[in-house]
Each structure stands twice: as C-alpha cells, then as structure tokens.
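Here's a quick briefing to read alongside the model. Have the sequence and the 3D view open as you go.

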Amino acid sequence: MSDFHELIKSFPKTREYVRDFFVYGFKTRTEFKHKSPRTYDNERRRLESWLNPFVHKDHLSNGANISLAIDSNLLDTNPLFRVWKTKSFTDNDIVLHFFILDLLQDGDKMTAEEITDDLLTEYEAFFDIQTVRRKCNAYQKEGLLQKQRKGKTVVYSLDTSLAQWLKSNETILDALAFFQLAGSLGMIGNQLTDQLDYQNQTFRVKHSFFVHTLEDEILLDLLNIIHQQKSAALEIKSSKKGVINTTYCVPLQIFISTRSGRRFLCAYIDRSKRFTCFRLDTIKSVTSLEKTEAYEELQTKLNRNRRQLWGVSFQGRERHHLDKLTMTIQVFEPKESYIVDRLRREGRGGTVTKTAPNIYQYEIEVFDCNEMLPWIRTFIGRILSLECSAKSVERRFYEDLQTMYQTYQIEE
Amino acid sequence: MELFSEIYNCYYQVLRHLLCTQTALTKQQIADQICGEGFEESLLSIIPKLENGSWNLFHQDGDLFFSKLTSSFITPISDLQKSYLKALLTDPRMQLFLSQEQLENLQQMLSSVTPLWTQEQFYYYDRFIDGDPYENENYRRNFRTLLTAQKNHQYVDIDYNSPNGNRVHHHYVPARLEYSVKNDKFRVLALKNARDHNMKLEILNISRMQNVSLIEKTLSFEVDFNALIQNSYYREPLKLHIINKRNALERAMLHFANYEKNTTKIDENTYECLIYYNQIMETELLIEVMSFGPMLTVIGNDKFLKSLKARLQRQKKLITNNH
C-alpha cells in the first residue's frame, strides 16, 4: 500500500464504497467480489481515515466487518460531509490559494503580472505568470475573485464584504447551522459554517438520512438542467442487475421521501410519452442536452398528475389508469382520535368519513395502490377491511398478514 | 461551480486556521491542530510538506513556524455558496432566524445571483400536512426566545398545551431544537429539574407553546446531553431478521439509517440487524417495523415483540369478527 493517498481525484468511485459501507455496513473483504483486494484495502483505509471515529469494526470468522455507526440523534452535523472535503490538489494549488487571496485581501486590483511579482517579493514564492493567471481565472470562475478588463489589461480583485457580513450576524450563522443539517445540499451550508468558524451546537434533525448527501453532485446537475428547462441524458445503473443504460428525458422535479430520505428525479420520457421517477442513487452521470420547448406544458401536466400519485409510481401492476382503495378501521374515540388525525395528516388527500360509532372509512384513488401497502400496514391492529380495485394489492395485504400470523404464532 | 473542489478541502481549512495564528507555532502545536481538525492520516501528509518547503506557507526559524500571511485572512464566498444562500432566502423557515431588515440586506447583496434551487423544484410526497406555522408571529417569537435560551443555557418559562388538552406551565432549559423532516415541525429537547437533583429530558412541540419567556437563571453545571440520550436507550436493542426478498434489505437499511444500528449476515439470504432506541422512539419504530410486513422478523427484545404480537392479535380478531 505504498501508493496510498488520503485524498482522491474523483468522487464517483468512492461514492459507491461509502454507500456500501454506510447502507449495508456488513460487507467483508471477501464480499467485495467485483473489486480487487488491494482496491478494497485502499478504499477501506481512506474511509477509516476520513470517518474515524464513526467506523465500527467487528472481527468475524470470515474477516473483519467494518461499518459506519452513525446515530443521527446524537450528531450536530452529517459526518459524511467529510467525504466531500477530500479532493486532491497540487503543491502549487494550496500555496497559490493562500498567497493570492492574502495579497488581494485589502481590495486592491492587480494584474497577473503584478500578482506574480508580489508573490516573489512578499512571500518568496516563485511562480511563472501562466500558472498564476490560470489560478486567477479558475478562481474567477468559482466566484472567489472578480476579473475586470481595463483596455488591454486584465485585473483581479477580491471582495470579502459578504463573508464579513455573514460572520458578524449570529442569526444567519444559526440559520446556516440549521440548514446544513436539515436542508437540501446541506454540504454547502456546512462548508460555509466551516469557513465562518461556526459550529452547530443547537440543532438536531429527526429523520435525517445522512447517506443521501453522496448523491448531491448529481442533484446539483439536475437542478441546473431543470432551471434551464433542458432535456438530459442519464446514465442509470439498475439496482437489481447492475447494468448501465442511457435514458433520454426531460427532468422536471425532485421527489423526496421524508421517511427514507430517498430522492428521485421525476422526468418525462418522450419515447414512451410517460412520466417516470429515477432514484438519484442509481443515476451515475447526467448530460445536459437541448432546451425543451414544451417544458411549461409538461410541468402543468405533471402538477395535474401528482394529485393521483401516492409515491413515485405512475402506473400499477394491473395497468389500470387509476385504482381505488378503501380501508375501514376501528377507532375508539376520544381516546384514539389521534388515529383519525393520522389518516387526515398522512392520507395524502384521501377522504376520511365516520361511518358508524368508532368506525372510520378512508378512501382514495391513486395510480399505484401497491405503493400504499407500507402505510396501510402501520394501521395493523385496527383494520376492519381493506378493499382495492387492484385485486393483487388486496390479496398481498391479506397474504402478508397470514404470513405474519404464522411467523409470530398468533392464535385465534 | 463544483461541489467536489479542492477549495472546500479539509486540509485548506486546517491550514487556514494555522496560518491565521499570528504567533509562532511549534511542530507539536501544528500536529495537534491537524489531529483535531483533519482526517486520521492527514498528519502524515501535511507535516512533511511543511517541513520540506513544498508548501512554503511558513517562515521557519529553528523549531518555530511563522505564518507568511500578512492580514487577518478571510476566504471569500464562492458562487456556489452565494447561490445556496440565495436559495435559502426563499425558504419560509429563514424568517425564524433573520429579521426583515437582515433578509432585505442579504437579498440586496445577492441581487445578481441565481438561486441554486427554487422551492417548487422539490416535492416532499409523504410529508405530513400539518407542518408548523412559520409565518405566525407568536411562533417566531417563541422560537427565537428558545434559541437564545439554548445558546445561553438559560431557563425559560413555557406555557404549553399538552397533547391531551391540558395547559401546563413549567421551567425548562432548552438543550437542543430538533426538527423533524417528516412532520415539518420543530420540537424542543428540554431539560427539566427532576426530584433527585438530576435533569430529565422532555420533548415539547414548539407549535403547542402559548408563550415562552426567559428567566434570569442559567444552568450552573454541564449536562452531557448525548450521554443523557444514550442512557435512555433500552439495554436490549431491537433485534430484527431481514430476509432479502423484494429488495427488503436495502429498503430496511435505508429506512433505519437514522438509528444507531449494527447489521451482520447470518446466512446466505438473512441478515440480523440490531437497532438501539428509547421509550420515546418506541411507537414510531413499531409502526416502521410493521410497515415492512413479513419482510422483517422481530426476534427481540421481549417488550417490542410483545407489542407487535398484541397488534397482530387484535388485527386477527377484528378481521375474523368482521367476516
């Protein structure tokens, strides 16, 4: 392992490893069959280095089992943000970063030639002018420097007023402390709190699913494409077979599950004339294509369709346009009236009707009732009947119940 | 606008802190800073670069290192970060933190910036519909008072409508403000004086608070908040067996990703998962486990198993009687 480096050049390969360790957290060296043992060792060593002290090791008969023990109830930030802070760089990169930004701190405007000269006189750092210009242009693209053309001369400057304003306002620092943990693309909020030397010691997030930050680069590309109303080519890896296919679509919206943290791209596929959702963690790359003329129309159509959407599926297995589900439950009021509240709060627009004392009926029409089963099962212990026009859903509900009775030896 | 860029690298952050120290640093002080902020093996990469001059960022005088930076260095805000801030401005929860004047100032400073996202680009399809009223002035006032108290370890007097309809009045120290993504609600994890001179933890919904006022009294000793939570976990975790059918393994691992858990493979297609939880989480965890149906089998603990069996027993009776 003499060529081991703690930092990495590209993110996608590492994303897979971190996900495997985090999500499954029980794969030993021998179970990573698709990678060489050396690759596994290096990736594991990096992960241990980045995420120590969250790495948990168990020694089993078939090798060491490493996993990430992360309890979101106990953390002020997402430990997986550390994975985003591992991009490798050259010696020149880091030296130029500090010296150029330091040189321009007082707001002076300088040419690349002047910067190059001052690097030598002020910091005893010798660089050729091309290297300095390249770095200044790269930083202008990142927004760290401003570039102005004055006649034939190009000058660079730096504006720290926003950073200073943020640093001096504790309330915005509190907001960043909250949003880095609770909001979308929290990694950027976390960079900001790092940069402004502020740490979250106030907020916690319940139902926080840390692993999904690994998809943030894909999310960023998709948001940009949605903003530009363009179509896209997605490289998608099937979660079952592992095969990679390219799909052409119009990205429209990001769907998020608050219960699993899973995120999906909802897109329109012109070839099949259908809306489809793709899990973000299955999207390996995104390529922006041409602008979509009918974008507004597709958005309107999606908004209309969303009313009949339970989760992310636009069609059930029985290929009906819509299926109707009716669940009748027993609720002893007033003691259990929170159950009726749950139906209204969680029922996504379904109607709730009191049909008799202590009996309530919940009714809804959606594209795919199969997606409702996990929620329906949370009412186990109160369900008087379940009827669904998709008979396979009804059947599966009752069959699953029978299996559970057998598993737990539930007698009459 | 790259998310994975060296400008956000952990080494840059460590070096910035070292370089902003205007006094001379010993090698040990540098090493301590790297160990505290860097990765586990960062020390092995950074120290040689500083010593051999590849990163010529310090003057070396004997064993001492002097920063070459001449001013109090501030890293400017990148375009990516500006776009992120602009997107946050459209979030209704931003008003809990910023005054109207601050919102306008920030809006002005970011006037030429395109937000990284807009609210309508996201759709939370299973979020509960009774989220907290972030627009409500009383709610905002209570939130800010709690935030102030939390940061100063100060007691507050909370006038609260309990879920069973009683109005209660107690003194608490807010330990953390907890946000639930699923419920779109804030709760306060609050410490309350218990009879035995200990502190006990209670969870209160901010939206149920009628009034919150600061009291001129602060917590006089440190409370290890995480230890308090961990100590509240049952000694025996929930033990589940997961049969990897219908993609249940991956779904379960993602679903329970927010709990402290430990998973091991016990045979070709079965996995054992231990989940650590406390009394407050119990009902929610039971509901989550039930939502998986027969894909998960609860092996223990006895208390959890008993609750699950009671629900199934009641279910079986209901359907039998109904038919």
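Two strands are said to pair if DSSP finds at least two bridges between them. Helices (H or I, at least four residues) and strands (E, at least two) are DSSP runs, numbered from the N terminus. This is a predicted model, where local features need pLDDT of at least 70 and side-chain atom pairs count only at pLDDT 80 or more, while totals for chains, interfaces and linings use all residues. Residues are numbered from 1 along each chain as its sequence is written, and chains are lettered from A and ligands numbered from 1 in the order in which they are written.

**Where the chains meet**
- Strand E8 (residues 244-256) of chain A runs parallel to strand E4 (residues 122-124) of chain B, and three bridges join them.
- Within E4(B), Tyr123(B) sits opposite Phe255(A).
- Overall, 108 residues of chain A are in contact with 99 residues of chain B; contact takes C-beta atoms, placed from the backbone, within 7 Å.
- Helix H10 (residues 302-322) of chain B supplies the largest share of chain B's side, 11 residues.
- That side of chain B has 49 nonpolar, 29 polar and 21 charged residues (Ala, Val, Leu, Ile, Met, Phe, Trp, Tyr, Cys and Pro count as nonpolar, Asp, Glu, Lys and Arg as charged, and the others, Gly among them, as polar).

**Chain A as a whole**
- Chain A has 13 helices and 15 strands.
- Its C-alpha atoms fill a box of roughly 90 × 60 × 45 Å along the principal axes.
- The domain assignment, from an automatic or database source, gives domain 1 (12-72), domain 2 (91-159), domain 3 (162-208), domain 4 (212-306) and domain 5 (323-407).
- The C-alpha centres of domain 2 and domain 3 of chain A are 29 Å apart.

**Around strand E14 of chain A**
- Strand E14 (residues 359-366) of chain A pairs antiparallel with strand E12 (residues 323-330) of chain A over eight bridges, and Glu365(A) is the bridge partner of Lys324(A).
- Strand E13 (residues 351-356) of chain A also runs antiparallel to E14(A), joined by five bridges, with Val352(A) opposite Tyr362(A).
- E13(A) and E14(A) make a hairpin with two residues between them, and Asn358(A) in the turn has a positive phi of about 65°.
- E14(A) has a covered face with Tyr360(A), Tyr362(A), Ile364(A) and Val366(A), and an uncovered one with Ile359(A), Gln361(A), Glu363(A) and Glu365(A).

Technical notes
Contact = placed C-beta atoms within 7 Å. Buried ≥ 20, exposed ≤ 12 C-beta atoms within 10 Å, placed from the backbone.
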